[in-house]
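I opened this notebook to keep track of what I looked up in one protein model.

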Amino acid sequence: MEKNDILLEVRNLKKYFPASRTFRRTQWVKAVDGVDFSLRQGETLGLVGESGCGKTTLGRLILRLEEPTGGDVIFEGENILLYKHEKLRSLRREMQIIFQDPYSSLNPHQMVGSIIEEPFLLHTRTDKKRRREQVLSLLEVVGLLPTHYYRYPHEFSGGQRQRIGIARALALNPKLLICDEPVSALDVSIQAQVINLLEDLQDKFGLTYIFIAHDLNVVEHVSDRVAVMYLGRIVELCSSKQLYESPFHPYTEALFSAVPEPDPTITQHQIILEGDVPSPLHSPPGCHFNTRCPYVIDKCRKEPAPVLEEFTPKHSARCWRVREIRNI
């Protein structure tokens with residue numbers, strides 16, 4: 001990865017939430033616990049993992065919707081965690097989010113035109129006529145009609161509402177879009193339309209995406225690289241092709257085994273993980289996955305947690321036994 005191509009670099013990013021306080025100590029929920037990755041201009045990074053693994057919190061930290069406990073977020077060569085007031089306000093033009101729920105993310109009391117126009121009112125000084133022209137142009141870009149300008153959110157389907165949310169996110173020509181499960185609340189047929197729209201917009205405007213999702217098939221379709229998260233940490237990071245052809249980490253292997261196979265003639269071997277996901281309040285010692293891993297040995301329980309290590313070119317994992325179980 002060329003240094004001058006990097007749009008975003010995350011270094012040892014952490015977010016700890018206080019769970020309980022006593023006179024002597026505070027217990028912390030480690031929602032994000034030391035995340036590192038880089039993102040090139042125009043690239044799509046898929047972010048997958050079970051509910052509660054820290055995907056959405058990581059996205060919010062990058063946007064500074066949450067303030068991190070530690071680490072750095074380098075955007076276009078500058079640490080945005082040092083930004084204050086006006087500089088932070090100007091950053092909002094460069095980084096936007098598409099929310100998961102197309103119903104609660106839109107103000108039901110505003111017309112669609114006003115919803116999409118709001119970023120222009122907050123961040124630009126264009127006159128009313130010019131703002132209207134820009135809103136109508138955005139409606140066309142996302143596949144909506146000019147007549148939709150005067151309608152309210154309740155008059156639209158879920159897919160149309162998500163298109164409105166996308167138009168609002170695009171209003172200020174951002175460079176980075178955090179897509180927080182943008183299709184999980186939609187019907188399958190509508191999911192394909194929204195995903196195709198996002199891909200077309202990326203080609204047209206040179207957008208960079210962080211695509212958060214549960215659906216591994218969707219992530220495979222849209223992502224250049226994929227990061228797998230477990231208990232606040234990235235446990236595997238590589239290209240989409242590498243991950244789907246040869247996953248390294250046992251957790252990733254288990255995730256793939258749980259994906260239904262549409263061909264009934266193919267016998268599917270499903271890996272059943274024992275127990276529940278450990279609480280981020282009381283993470284197990286050693287490798288965080290050791291309580292559920294089918295390949296666990298004493299070293300996994302006793303040694304400090306392994307670091308994210310590159311085992312083959314551009315394919316990294318956080319596991320002591322990768323070379324042994326994958327014959328690398």
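The entries below follow the order in which I looked things up.

**Entry 1, ground rules.** I noted that this is a predicted model, in which local features need pLDDT of at least 70 and side-chain atom pairs count only at pLDDT 80 or more, while totals for chains, interfaces and linings use all residues. Residues are numbered from 1 along each chain as its sequence is written, and side-chain values use heavy atoms, with hydrogens and water left out.

**Entry 2, the eight-stranded sheet.** I looked up the strand order and found an open sheet of eight strands, β6-β7-β8-β3-β9-β10-β12-β11, with mixed pairing. Its edge strands are β6 (95-98) and β11 (309-312), each of which pairs on one side only, and from one strand to the next the twist averages 20°. For these words I wrote down that helices (H or I, at least four residues) and strands (E, at least two) are DSSP runs numbered from the N terminus, and that two strands pair if DSSP finds at least two bridges between them.

Helix α9 (residues 250-257) lies across β9 (225-230) and β10 (233-239), at about 100° to β9.

**Entry 4, the four-stranded sheet.** I then found an open sheet of four strands in the order β2-β1-β4-β5, with antiparallel pairing. Strands β1 (residues 6-21) and β4 (residues 70-75) are joined by five bridges, and V10 stands opposite V73 in β4. Helix α1 (residues 55-62) lies across β1, β2 and β4, running at about 115° to β1.

How many salt bridges does the structure hold? I found 16, counting a side-chain nitrogen of Lys or Arg within 4 Å of a carboxyl oxygen of Asp or Glu. E43 and R225 meet in one of them, at 2.6 Å from N to O. This pair links distant parts of the chain, 182 residues apart, with E43 in the loop between β2 (26-40) and β3 and R225 in strand β9. Both residues are buried, a word for under 20% relative accessible area, whereas exposed is over 50% and partly exposed lies in between (1.4 Å probe, protein chains only). R40 joins E43 and R225 in a network of salt bridges.

I also looked up E253 and R326, whose closest N and O atoms are 3.1 Å apart in a salt bridge. E253 lies in helix α9 and R326 in helix α11 (residues 322-326), so the pair ties together parts that are 73 residues apart in sequence.

Q134 is found in helix α4 and is buried, with a relative accessible area of 18%. Not counting residues up to four places away in sequence, Q134 touches F120 and T126.

Methods:
Axes are lines fitted to C-alpha atoms, for helices over the stretch in contact, and angles run from 0 to 180 degrees between N-to-C directions. Contact means heavy atoms within 4.5 Å.
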